[in-house]
Amino acid sequence: MPAKPVSEPQEGAASPADETGQRGVPRNVLGNASGDASKGASGEVQRDVLRDASGEVQRDVPAEAVTPLIRGIAVLRELTEANGTLSLSGLERATGLARSTVDRITATLARTGYVRFDGRDVHLSPRLMELGNAYLSALRLPALLSPHADALADELDESVSLAVADLDGIRFIHQATRRRAMSLSFRIGDLLPAERTAPGPLFATEWTDTDWRRWRRRRAADPRDLSFTAVPPRTYGADERDAETFVRRTHEASANGWSLDDQLIEPGLVAISVPVRSPGADGAIACVASVVSHTSRHSAQRLRTALLPRLRSAVRAMERELRTTPPPEPGPPPSDLARWTGTSKQQLGREFVESLARGLTVVTAFGEAGPELTLTEVARATGLARATARRALITYQHLGLVAATDRTFTLTPRVLSLGFPPLSRTSLPEIAQPHLAELTSRIHESTSLAVLSESGEEIQYTARVATARVMSVDITVGTRLPAYATALGRILLADAPTPLPEPANLRALTPHTITDKPRLEQTLAAVRAQGYALVDEELEEGLRSLAVPIRDRSGRVVAALNTAMHVSRRTPRECVTDLLPELTRTATHIQTDLHTASRHTRIRPS
């Protein structure tokens, strides 16, 4: 049975959406380097404090909370709201942290692989998605239900989404979008206010009096929905009539078993939603499935008459999937996830905030095989002392990222707020680009990424980093070349199910080009066996190229990575001995990021 989408924090714990309307850590978390002493205006040494946006000291932070972890989460959330990139000075302004603190936190996050630096800019890295993957895997709903959502999207030729409740908002856990000139921009992890969506009234049918009071407090504190960055803000603040409308829509949703959004988010956007219920005795809502369209294609009335029956049919199939799918087979539990942090502390010293790195490993302890964990299980999985793991869990509960029930802990949908929305729309070239830049700087040769064209006869360059030389290979992104005569193409052809080009299409581009089909087949067999392709002056005289494969999670070759140079710079043997290990290392880094990013999202190959 899937993990519960969200649970209310225990009495006395800090609410993730408090009476100020702020979500998670309040903005402007002031202080210097974590745990360090600082001098106040009087010159007296004082400890760091945490303050909210108005400058008032936070007084609801648990005494055992890990301050560096709170600050690290604040940095990740600011980067997320900035669509994945901010300068160091921008982070300083957004969080209110001292520059030295920002430097140490970002250095630690970079060591973790969650961010990377490009000059003075900080970028979110695909590896950060392992935090959201931990929640989505523990939830199990995307793995079980996304095939049904994708099939419905194909059948209707409309976008279909799955969403879970996140207190008084809704958060997307799957998106099957249509690629059109006018398409939806919502991403996995985006948070929307319940009252401006189709799923919201359905979730509100299960709200308690406490939930309704929290919703009203949030609306009073944020009448224009400025804290919901995924939706356009209201032109005018919400009033009591809006509240009455949402209450009425909730009653209608309870009576009808479906809910409609008729241009509540923005003009032209319409959606219809049906709840997917858990197989338990209470039949609680596990998630909500929605069909989303535009008024140029469907009116709200047509959504009800034409699409609702097929949506309900798909939901019945989803509920059947939840009832009949057995729980996952228990595998070996993770262990010593935090062991690497000690080595990093020794290497980096004061610039590495070990308590932040250790705290982040706690999230990755959860997953499909461990959706609910006890303190002992978290400590065992991470290799942390029980006291250290307990403080991290207390911190996450304060931030609304973890919920506690009896003796166990579960991740909440709010984990998806840590970088998942901007990273869920990344592409393979975007994943590869920083790795290509690092490779080029090491080997001092141009590097490229390419995919096979739909015809299977050409390669298309999708990413490239050129080296600074008087004489270098001049190729731009988008360039197409014959696959049979390039190292990149031979890597891709060696794994492709499509037949090779006919002999008439195997033209001699130089005196060295292989144009005999049986010989080309033998060459491709050797490429498959050795794991790389070396092409010597077959595309152009004087040009030598070496390429290796990039594989997806299933092991299929989806792209190829290469370097090319003039034949005078390296012999074929030197290419294999000097360059092949560097290409293979870079391909492994790209694949690691690709596999993390594609676990619950579709990554565009180009």
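How many helices and how many strands does the protein have? The protein has 18 helices and 20 strands, where helices (H or I, at least four residues) and strands (E, at least two) are DSSP runs numbered from the N terminus.

This is a predicted model, in which local features need pLDDT of at least 70 and side-chain atom pairs count only at pLDDT 80 or more, whereas totals for chains, interfaces and linings use all residues. Residues are numbered from 1 along each chain as its sequence is written, and side-chain values use heavy atoms, with hydrogens and water left out.

**Figure 1. The protein as a whole.** Buried residues make up 54% of the 606 residues in the protein; buried means under 20% relative accessible area, exposed over 50%, and partly exposed in between, with a 1.4 Å probe and protein chains only. Of the contacts with a separation of 6 or more, 65% are accounted for by residues 24 or more positions apart, a contact being heavy atoms within 4.5 Å.

Figure 2. Helix H13 covers residues 386-399, and its 14 residues should span 20 Å at 1.5 Å a residue, which agrees with the 20 Å between its end C-alpha atoms; the expected span is 1.5 Å times one less than the number of residues. The buried residues of H13 include Ala389 and Ala392, together with Leu393, Ile394, Thr395, Tyr396, Gln397, His398 and Leu399. Among the elements that cover these buried residues are helix H1 (67-81), helix H11 (354-364) and helix H12 (375-382), as well as strand S13 (402-405) and strand S14 (408-411). Just after H13, Gly400 takes a positive phi of about 80°.

**Figure 3. Packing of helices H7 and H8.** Helix H7 (residues 209-221) and helix H8 (residues 240-256) pack with their axes 12 Å apart and at an angle of about 150°, the axes being lines fitted to C-alpha atoms, for helices over the stretch in contact, and the angles running from 0 to 180 degrees between N-to-C directions. H7 and H8 are therefore roughly antiparallel to each other, since angles under 35 degrees count as roughly parallel, over 145 as roughly antiparallel, 65 to 115 as roughly perpendicular and the rest as oblique. Trp212, Trp215, Arg216 and Arg219 of H7 make the contact with Glu240, Asp242, Ala243, Phe246, Val247 and Thr250 of H8.

**Figure 4. Packing of helices H3 and H11.** The axes of helix H3 (residues 99-112) and H11 cross at roughly 45° and come within 9 Å, and H3 and H11 are therefore oblique to each other. On H3 the contact is made by Ile105, Thr108, Leu109 and Thr112, and on H11 by Leu356, Ala357 and Leu360.

**Figure 5. Surroundings of Ala597.** Ala597 is found in helix H18 (residues 572-597) and counts as buried at 0% relative accessibility. Not counting residues up to four places away in sequence, Ala597 touches Pro126, Met129, Thr426, Ile431 and Ile603. Ala597 and Leu423 are 174 residues apart in sequence, while their C-alpha atoms are 7.6 Å apart in space.

**Figure 6. Surroundings of Ser417.** Ser417 lies in the loop between S14 and helix H14 (420-423), and at 13% relative accessibility Ser417 counts as buried. Not counting residues up to four places away in sequence, Ser417 touches Arg77, Thr80 and Arg171.

Figure 7. Cys287 is buried, with a relative accessible area of 0%, and Cys575 is buried, with a relative accessible area of 0%. The count of disulfides comes to 0, a disulfide being a pair of cysteine sulfur atoms within 2.5 Å.
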